[in-house]
Number of protein chains: 2
Amino acid sequence: MKSLYFTPGPSQLYFTAEEHIKTALKEQIPSISHRSATFQSIFQHAVENLRTLVNLPDNFHILFTASATEIWERLIQNCVDNSSLHLVNGAFSQRFYDMAKMLNINADEIRIDPGHCVTGDDIKVEGHHELIAFTHNETSTGVSQPLEDIYSVREKHPDALIAVDVVSSIPYVNLDFDKIDSAYFSVQKCFGLPAGLGVWFVNDRCLAKAEERLAKGQVIGSYHSLPSLVKQSKKNQTPETPNVLNIYLLRKVAEDMNTKGLDMIRRETEYKSAVLYNTLENHPDFDLFVKEQSWRSKTVIVAETNLTSQRVIENLQNKKLLVGSGYGNFKDQHIRIANFPTHSKEQVEMLADTLETLTD
Amino acid sequence: MKSLYFTPGPSQLYFTAEEHIKTALKEQIPSISHRSATFQSIFQHAVENLRTLVNLPDNFHILFTASATEIWERLIQNCVDNSSLHLVNGAFSQRFYDMAKMLNINADEIRIDPGHCVTGDDIKVEGHHELIAFTHNETSTGVSQPLEDIYSVREKHPDALIAVDVVSSIPYVNLDFDKIDSAYFSVQKCFGLPAGLGVWFVNDRCLAKAEERLAKGQVIGSYHSLPSLVKQSKKNQTPETPNVLNIYLLRKVAEDMNTKGLDMIRRETEYKSAVLYNTLENHPDFDLFVKEQSWRSKTVIVAETNLTSQRVIENLQNKKLLVGSGYGNFKDQHIRIANFPTHSKEQVEMLADTLETLTD
């Protein structure tokens, strides 16, 4: 019997993914040329379905990289001469900040403890930053930055480019793309695909910044610079031989999600998260890690436990239910549960029932 | 009925690959954590099987990137302060040279017409170059650089790092790793896997160079810098969530190749290339593009044709045999045929028989 992965990425495959992989093999998708009309059609439909799904405006490009981690590097390379600012409240926002420093730019941070958000007027943007980086959903702790804070920073600092990490919240998150400049994710989380593909939404302001840097003789990378990626994407192609199979699968799953309807996916996500939060809140051995209700992620549910998290995880594993351990320093104190579009209401209810009866 | 892909990459999947993909789905490999012991074991066995297959010495690391294109960028970033030298005789060696210039280093070239090699004392290395880049097998034209030339450059220039593109010749190519510093490839060619994974062999000299650059405060990238990749590889992990499925498949196919034996694969490759070259040489409408016999690739066979290459390709396609068109400017004048380990003697003989009877 197969296990059910509620781990926050890689996670359970989208429920149609396995069939799509088998169809891809029948159609010999892994053997086609990435310069062929067949590939161009796959690319085009992937982009169109994603654009429809998240209601992405025309001034945004959809680009493919190998991972969201790569997009961090490309954002700094392409969009920053001198300085970036990072709201850091967990391991992944921290990693982007660390990377900016590795790339020798002046990276500043606004730091707050894991499980918390800096919000409203507490977001003090001092000095000039060309890029301000938000993590909408910290996969490490299950804390979610209110979108209004992101939009209000952009309103106050219209010259800065606003990049939003939606790695573990898209397509649930309802972004107003008129109020940000870039968003990005990887497909092994909410899209339920094998890892190895990053998706980068980037608007013309970001592209103009990269072109400006290039014109000044600065290095903005090579094959995966924004001008290179955008140029190829206009031909429905990529600069290098990409992960063709994953682009095919992304097209199929985005199509499936459009067929189901994002409204339905969002309603189900909210229902399932309520079930999980209620169960954990009412359980004598669990506490929710994020105390402020409005900051609680709908897609990555994190609980502290006075049991040993490894024992909890093993108990669930014996019932073929896999949840994540805590991240980094929280490894032994937390469990993390993915609530992604592939996880059905019935599956989440089963997990909640199992959690309810759980003892050490 | 499925087609048989003799295109030079992406190409026909390795004959066991589809079964391995199905097993991976049964075992839920796409859902496992890249920090789990299961993944570490897959990584370790992939590396061990590759090391055995190509007889890679212990002073070489095996690292995973998204593509061979990425490795070009990482080689320059990590291993070059000032200058690289590129032997350019086709589209892919050209692209690496162009990329070095984009990365703002002093890139020099030794250029010769496509289909030719600069060999022996004609390889004039003037000035100081920290990296000298060879393309063992130009996938665009089917020309293969004699290994002795590569080794002799290293002997004469012991301070330079020697990087060898073996994208479309490994594992056939029998490299003496004591005489080079880096070699790299992507898995969609001779390993017959879906695209989306690059494999980088790199020795301690390259790593030391990257560490030296880092110590001087130079930017060597971030998550995919050599020190970062090597550090993670020692834990049988990668810095980012990698293409887990492809690393699993590479492990399986490298294992299959070891079981078959590389000697046998090499003998078959030579036999099959002789069949194809003979057929094309004796055909009134074809000429071999590479005139000098010792430069002819055993793995990518390229012929000029006085027919229209598109017609030839369509004629073969009607028989479910897919060969590649010419690359770039040669699109209409050449056909390119992959002779990879997955292509059986019987399949190549069938292609040769079909080519023999081909008229416009």
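Me: Where is Lys320(A) found?

Reply: Lys320(A) sits in the loop between H10 and strand S13 (321–322) of chain A. Helices (H or I, at least four residues) and strands (E, at least two) are DSSP runs, numbered from the N terminus. Before we go on: this is a predicted model, where local features need pLDDT of at least 70 and side-chain atom pairs count only at pLDDT 80 or more, while totals for chains, interfaces and linings use all residues. Residues are numbered from 1 along each chain as its sequence is written, chains are lettered from A and ligands numbered from 1 in the order in which they are written, and side-chain values use heavy atoms, with hydrogens and water left out.

Me: Thanks! What is the phi of Lys320(A)?

Reply: Lys320(A) has a positive phi of about 65°, although it is not a glycine. Most residues other than glycine have a negative phi, and most peptide bonds are trans.

Me: Which peptide bond is cis, then, with omega near -10°?

Reply: That is the bond from Gly9(A) to Pro10(A). Pro10(A) lies in the loop between strand S1 (4–5) and helix H1 (17–26) of chain A. The bond from Ile170(A) to Pro171(A) is cis too, with omega near 10°, and Pro171(A) is in the loop between strand S8 (161–165) and strand S9 (182–186) of chain A.

Me: New topic: how many residues of chain B are in contact with chain A?

Reply: 47 residues of chain B are in contact with 47 residues of chain A, contact being heavy atoms within 4.5 Å. The two chains bury about 3800 Å² between them, 58% of it on carbon and sulfur atoms. Buried area is the accessible area (1.4 Å probe) that two parts lose on being put together, summed over both.

Me: Which residues in chain B lose the most area to chain A?

Reply: Leu25(B), Gln28(B) and Ser31(B), which together make up 15% of what that side buries.

Me: How many salt bridges cross that interface?

Reply: The rule finds 2 between chain B and chain A, a salt bridge being a side-chain nitrogen of Lys or Arg within 4 Å of a carboxyl oxygen of Asp or Glu. One of the salt bridges joins Glu73(A) to Arg74(B), with the closest N and O atoms 2.8 Å apart. On the chain B side, the elements giving two or more residues are helix H1 (17–26), helix H3 (68–79), helix H4 (91–102) and helix H8 (244–260).

Me: And how many salt bridges are there over all chains?

Reply: 36. Lys216(B) and Asp81(B) form a salt bridge, the closest N and O atoms being 3.1 Å apart. That pair links distant parts of the chain, 135 residues apart.

Me: What about chain B: which residue is the bridge partner of Glu304(B)?

Reply: His334(B), in S15(B). Strand S12 (residues 300–305) and strand S15 (residues 334–338) of chain B run antiparallel, joined by 5 bridges.

Terms used:
Pairing = 2+ DSSP bridges.
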